[in-house]
Every structure is written in structure tokens, then in C-alpha cells.
Amino acid sequence: MNKPIVVGINGSAGSEAAMAWSLQRAARHKLPIIAVHAVDDRWMSPDFQYHELIRESGMQLLQQVKEDAAKKEPDVEVDIQLRHGSAGAALKDMSKDASMVVIGSHNRHWADGGPMTDRALQIVTVSDSPVAVIPQESGTDSRGVVVGVDGSEESLQAVAFAAAEADRAGDELTAVLAFRRPARWVQGGMPSSGLAAVIDEEDRIVLSESVAGLGDKYPDLVVHQRLEKDMDPAKALVDAAANARMLVIGSRGRGAFSRLVLGSTAHAVLMRVPCPTVVTRLHKVSHEE
């Protein structure tokens, strides 16, 4: 049996977008969907008089989602599950047997202006399957798949996922590698051998090697290579994917500390997802300290 797409539901506009995106994907790939709502009742005492009312509200939400899904994609099998505890814990548990976990991004902000994205970050961090974070609004004419590369094993996993996605949909693939140039005072202290030029050449090789072999596996796939020489990697990816159908990134890259599950670039991209963004988690990768 094909592994289902697991969709986090909480009644927000973000979760509605996540469900709509998942229905389209499930119809294309002939996959079932499990819509999950978590009732976080950890703070409630057993004697809390509204406990059952909150549970019933959660089930009503899920039933409505299932009814709406049947109208939009009647051929997609949709199951619903009500879980107890945090959304992160519920989705982590279900991610073990899922093809993908899908959640909506937040478009709300705290009073001080900081983005309220902790739920998405938590779920991406703990999931055992790839996680798709869906913005509330996506362009109807979006085309192409963008993938971030940096030479790490995680980014090679992301390239493999992105190439398969692009080829399956007849899209073009754009591989993006970005880095910050060394500070002027660093370059000034180096021998006149052209430090920036050396870095440029090394990263061109990394970019080229990251997509090497795709032509043999996907002969009809058009692959573009984009090197940004003096730009923050997260900004480069967000800009490149502004009109893309999908952005794919690895959970972390070559600059992440081994104890971190989510790298700084992935973290920054999830703060401002430009389009449906998939964080891959295809298999565990061991890193040396």
C-alpha cells in the first residue's frame, strides 16, 4: 500500500491551504490522505468540564474537512484522526509511516513583529518523513522546481527529490548555490592569489557535481545552475523560488553543527516560505564532530 500524505489540520487558513495542496498531490500520485487534528489537553485536569466539548469540536472540524475534500477530489481516500497532545508529537508519530507530512505556514505575527513560525519549525525538526510547508497564497501560474545545494549529503538528497518531482510534472529544475564572499579585511590579509576567485571556482564545481548524472536518469529534464556569489543562501533561495511551483531544501547543510537537526538556511527559509516548500528527510546522515 502506498504511504499516505499526513496533513496537519487546525482550522486556520494555513491548514486549509495545506489540505488543498495535499488533495491535488494525492490525486496525481494516487495516494490516500490522513487529516490529523491534535487536541492539546496537556494543561487540562481530568475534571475539566469542557474536555468533551473541545474533543467534539475537533471531530467536527475534521468531519468538515473530510466532507469538503470529497467535493473537491472525490477519488482521493481521506481518513481523519483526532490525537491528544501537541501537534508536533502527533505528527512526528504519524510521520514514521507517511510519504510526506504537510502543514500550512503562518501569516500572523507577534506584537513585536516576529513571525509566529514555531509550529512549522518544530514539526520539520522532529518529522521522520519529508515535510511540506504550504503558504496561504500561491501563484496559479507557478512553474518549475528550485532546489538548494551546497555539497552536503542532505542537499544531494534534496536534489534527488527535486529532480524526481520536476521530471514527473514536466517542470524545469533550477539548482541554486549561494554564499557570502569573505569580508574585505579577510581578503586584504590573504596573498594576492584571488581568494574570491578560488571560492567562486570551487562552488561552481560543487554546483556542477550536485546535478551531475541527472541527465542520464531524466533525459528530458531541463536543469539550470544558478550561482549567487555574494548573497545570503536563504535569501537567494526565497528569491529564486518566488514564482516556482516548489522549493526543496535539505534539513541542514555543510555549515550546520552535527548536533543540530535543522540548519540555519532551512530555518531562515521557513520564516518566509515563498511557495510550497519541502524539507527533505529521506534517510539519516551521520556527521562527524
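Colleague: Which elements do the buried residues of α9 pack against?

Modeller: The buried residues of α9 pack against β6, β7, β8, β9 and α10 (264-270). Buried means under 20% relative accessible area, exposed over 50%, and partly exposed in between, with a 1.4 Å probe and protein chains only. Helices (H or I, at least four residues) and strands (E, at least two) are DSSP runs, numbered from the N terminus. Please note that this is a predicted model: local features need pLDDT of at least 70, side-chain atom pairs count only at pLDDT 80 or more, and totals for chains, interfaces and linings use all residues. Residues are numbered from 1 along each chain as its sequence is written, and side-chain values use heavy atoms, with hydrogens and water left out.

Colleague: Which residues in α9 are buried?

Modeller: Ala234, Ala236, Leu237, Val238 and Ala240 are buried in α9.

Colleague: And what caps the N-terminal end of α9?

Modeller: Asp232 does, with a side-chain oxygen 3.1 Å from the backbone nitrogen of Ala234. A polar contact is a pair of N or O atoms within 3.5 Å; within protein, one must be able to donate a hydrogen and the other to accept it, and residues adjacent in sequence count only if both atoms are side-chain atoms.

Colleague: Let us turn to the sheet. What is the order of its strands?

Modeller: The sheet is open, with 10 strands in the order β3-β2-β1-β4-β5-β10-β9-β6-β7-β8 and mixed pairing. From one strand to the next, the twist averages 25°. Two strands pair if DSSP finds at least two bridges between them.

Colleague: How many bridges join β6 to β9?

Modeller: Three bridges join β6 (residues 145-148) to β9 (residues 246-250), and the two strands run parallel. Within this pair, Val147 stands opposite Val248 of β9.

Colleague: Which helices lie on the sheet?

Modeller: One of them is α3 (residues 87-95), which lies across β1 (5-8), β2 (33-39), β3 and β4 (100-104) at about 150° to β2. Helix α9 (residues 233-240) also packs on the sheet, where it touches β6, β7 (173-178), β8 and β9, and its direction makes about 155° with that of β7. Axes are lines fitted to C-alpha atoms, for helices over the stretch in contact, and angles run from 0 to 180 degrees between N-to-C directions. Contact means heavy atoms within 4.5 Å.

Colleague: A change of topic: how many residues has the largest nonpolar core?

Modeller: It has 49 residues, and those with the most contacts inside it are Val7, Met19, Ile33, Val102, Val147, Leu173 and Val248. Helix α5 (residues 153-169) gives the most to this core, with seven residues. Apart from it lies another core, of 32 residues, including Leu91, Ala236, Ala240 and Val279. A nonpolar core is a set of buried Ala, Val, Leu, Ile, Met, Phe, Trp, Tyr and Cys residues joined through side-chain atoms within 4.5 Å.

Colleague: What does Val102 touch?

Modeller: Leaving out residues up to four places away in sequence, Val102 touches Ile5, Val6, Val7, Gly8, Ala18, Trp21, Ser22, Ala132 and Ile134.

Colleague: Now α1. Is Gly14 buried or exposed?

Modeller: Gly14 counts as buried, because its relative accessibility is 2%. Gly14 is found in helix α1 (residues 13-29). Beyond residues up to four places away in sequence, Gly14 touches Gly104, Ser105 and Gln136.

Colleague: Where is Lys30 found?

Modeller: Lys30 is found in the loop between α1 and β2. Its phi is near 55°, a positive value in a residue other than glycine. With a relative accessible area of 68%, Lys30 is exposed.

Colleague: Lastly, what does the side chain of Thr277 reach?

Modeller: It reaches the backbone oxygen of Cys275 at 2.7 Å. Thr277 is found in strand β10 (residues 277-280) and is buried, with a relative accessible area of 0%.
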